[in-house]
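Hi everyone, thanks for coming. I'd like to walk you through one protein chain today, step by step, so please have a look at it with me.

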Amino acid sequence: MELFGNFAGGLAVALEPMNLFYCLIGVLVGTLVGVLPGIGPVATVAMLLPVTFYLPAVSALIMLAGIYYGAQYGSSTTAILVNLPGENSSIITCLDGYQMARAGRAGPALAVAALGSLFAGIVATFFIALFAPPLAEIGLMFGPAEYFSLMLLGLVAAVVLAQESLLGALAMVALGLLLSMIGTDIDSGVVRMNFGLVDLNDGIGFVPLAMGLFAVAEVIRNLEPKAPVAVLPERIAGLWPSREDFRRSFPAVLRGTAIGSFLGLLPGGGAMLASFAAYTLEKRVSGEPARFGTGAVEGVAAPESANNAAAQTSFIPLLTLGIPSNAVIALMAGAMMIHGIQPGPQVMTKNPDLFWGVIASMLVGNAMLVLINLPLIGIWVRLLRAPYRLFYPVLLVFCCIGVYSLNGSAVDLVLLMLFGIMGYGFLKWGLEAAPLLLAFVLGPLMEENLRRAMLLANGDSTTFLIRPISLALLLLAALLLIVVLLPALGRLRAAAFKEGP
């Protein structure tokens with residue numbers, strides 16, 4: 001009964017006019033950036049971080065969350081109509097979604113993707129409401145040693161689940177930890193690694209780093225010449241799926257939702273892994289695997305349900321343990337800290353309106369997405385025809401204004417451009433910036449908990465091994481590294497990430 005009471009209270013918060021408005025803004029913007037290939041939710045959330053400073057914390061997080069799971073909806077539109085996914089998690093949707101569109105069944109494909117995502121979003125919301133409170137209670141039992149080991153496990157998992165090379169992901173984590181150490185040491189007051197610049201005494205700002213690595217880098221990459229894409233006619237008739245479509249897609253939606261709800265908890269690319277895993281499972285259980293890749297409706301229903309469920313359950317580690325599971329969630333962790341809220345188990349006890357309000361808003365946001373997406377398909381198709389040169393100047397100006405408005409510092413603008421060039425270099429070299437951002441967010445927390453644990457143990461480093469929970473987390477981190485380094489599993493991991501349209 002307490003669960004239903006808390007959820008009802010959260011629903012009351014989510015239904016407040018201001019929060020409803022920002023939820024609508026979030027899902028609309030999320031759909032837009034999902035439809036337009038090359039922008040993505042990470043860059044968008046990074047660009048909108050300065051805006052959230054002037055909003056209440058609950059409204060800000062509701063809007064940012066709406067952008068994230070809204071992008072999962074929007075990305076399926078381009079995957080189906082253009083064979084070009086707006087998000088990595090919709091890569092696998094191209095295989096059958098585009099073939100359905102070419103066969104004149106774009107409407108049913110879009111409807112199945114939207115309805116499957118709606119079902120997955122509702123189930124994932126209740127999954128969060130059911131399992132987040134017990135996990136938060138477990139998190140309250142953690143001490144400094146356990147938190148350090150948990151954050152180390154999170155970084156190891158981010159490395160293991162990286163799409164590119166393990167060595168590259170490890171280098172990104174190391175660089176993120178180093179960048180997080182720049183500035184004044186809180187304990188000793190000593191300024192470290194500031195390169196003689198007084199402006200860096202307080203460290204590198206989270207916003208210039210995030211906006212540079214993701215927003216500016218994406219803008220630069222999208223300026224590269226690309227082959228024109230063929231967009232299907234904007235008038236799409238017959239949206240409602242047939243009875244056979246429902247019969248084939250419903251079991252796929254159930255399986256995809258279950259897979260996505262679980263894999264969303266994993267650090268790294270949970271939504272993308274979920275969509276690949278759901279598609280692979282459907283091919284295995286199907287009596288006609290040859291249909292996949294030729295326009296099978298299950299090949300749209302399963303991955304779209306999985307990625308949307310995973311996008312929402314990825315909030316659980318942040319709200320319960322304070323561990324961001326991917327780059328977007330890391331940005332939200334930064335937004336929470338900017339508002340003076342420490343992500344972790346105490347969010348539920350100290351900020352219950354925020355905790356339950358954000359969870360309940362997902363239910364409202366998913367309903368909004370279905371109501372606004374299908375009627376607006378014609379608008380999204382017209383936007384796909386707009387040249388990118390009309391967008392990028394506005395995006396760059398918005399980035400610069402947002403960064404400068406925080407502190408009025410020209411150094412922040414320089415950092416924005418430097419990190420933008422650095423992020424573009426990472427993209428060209430095949431290096432992921434997400435592990436760097438996760439390490440940058442977790443670095444200060446890891447350092448703080450490491451020092452506390454050592455002080456409580458009088459300098460005895462074995463405290464991490466004699467505490468059962470800490471030892472279990474460290475052993476799990478070591479096991480992850482050992483398993484992924486096994487040759488057979490390493491080849492399987494590489495093949496999974498290379499599969500695509």
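Predicted model: local features only at pLDDT ≥ 70, side-chain atom pairs only at ≥ 80, totals over all residues.

The protein chain has 23 helices and two strands. Of its 501 residues, 55% count as buried. And here is a number about how the chain folds back on itself: among contacts with a separation of 6 or more, 79% are between residues 24 or more positions apart.

Let's go to helix α4, which covers residues 57-81. How far apart should its ends be? At 1.5 Å a residue, the 25 residues should span 36 Å, and the end C-alpha atoms are 37 Å apart, so the two values agree. There is a bend in α4, though, of about 30° at Ala-71. Is this helix mostly covered or mostly open? It is mostly covered, with 25 of its 25 residues buried.

Stay with Ala-71 for a moment, which lies in α4. Its relative accessible area is 0%, so Ala-71 is buried. Now look for Val-27: that residue is 44 residues away along the chain, yet the two C-alpha atoms are separated by 7.6 Å.

Next is helix α9, residues 206-222.

One more helix: α7, residues 144-160. Its 17 residues should span 24 Å at 1.5 Å a residue, and its end C-alpha atoms are 24 Å apart, so once again we have agreement. In α7, 16 of the 17 residues are buried, so the rest of the structure largely encloses this helix.

Now for the single residues. Find Glu-304 in helix α12, residues 298-313. Is Glu-304 buried or exposed? At 0% relative accessibility, Glu-304 counts as buried. Setting aside neighbours within four places in sequence, Glu-304 is in contact with Gln-72, Ser-76, Ser-90, Thr-93, Ala-113 and Ser-117.

Compare that with Arg-248, in helix α10, residues 243-263. Arg-248 has 23% relative accessibility, so this residue counts as partly exposed. Not counting residues up to four places away in sequence, Arg-248 touches Glu-288, Arg-291, Val-297 and Glu-298. Its C-alpha atom is separated by 8.9 Å from that of Ala-296, 48 residues apart along the chain.

Over to a loop: Pro-345 sits between α14 and α15. Even in a loop, Pro-345 is buried, with a relative accessible area of 6%. Pro-345 and Phe-142 are 203 residues apart along the chain, and their C-alpha atoms are separated by 9.6 Å. Beyond its neighbours within four places in sequence, the contacts of Pro-345 include Ala-136, Gly-139, Leu-140 and Tyr-147.

Last, a bit of backbone geometry. Most residues other than glycine have a negative phi. Met-193, in the loop between β2 and α9, has a positive phi, near 50°. With 37% relative accessibility, Met-193 counts as partly exposed. Asn-458 also has a positive phi, near 55°, and lies in the loop between α20 and α21. Asn-458 counts as exposed, at 74% relative accessibility.

That's my tour, and I'm happy to take questions.

Methods:
Residues numbered from 1 in each chain as written. Heavy atoms only, no water. Helix = DSSP H or I, 4+ residues; strand = E, 2+ residues; numbered from the N terminus. Expected span 1.5 Å × (residues − 1). Bend = angle between axes of the 7 residues up to and from the residue. Buried < 20%, exposed > 50% of the residue type's maximum accessible area, 1.4 Å probe, protein only. Contact = heavy atoms within 4.5 Å.
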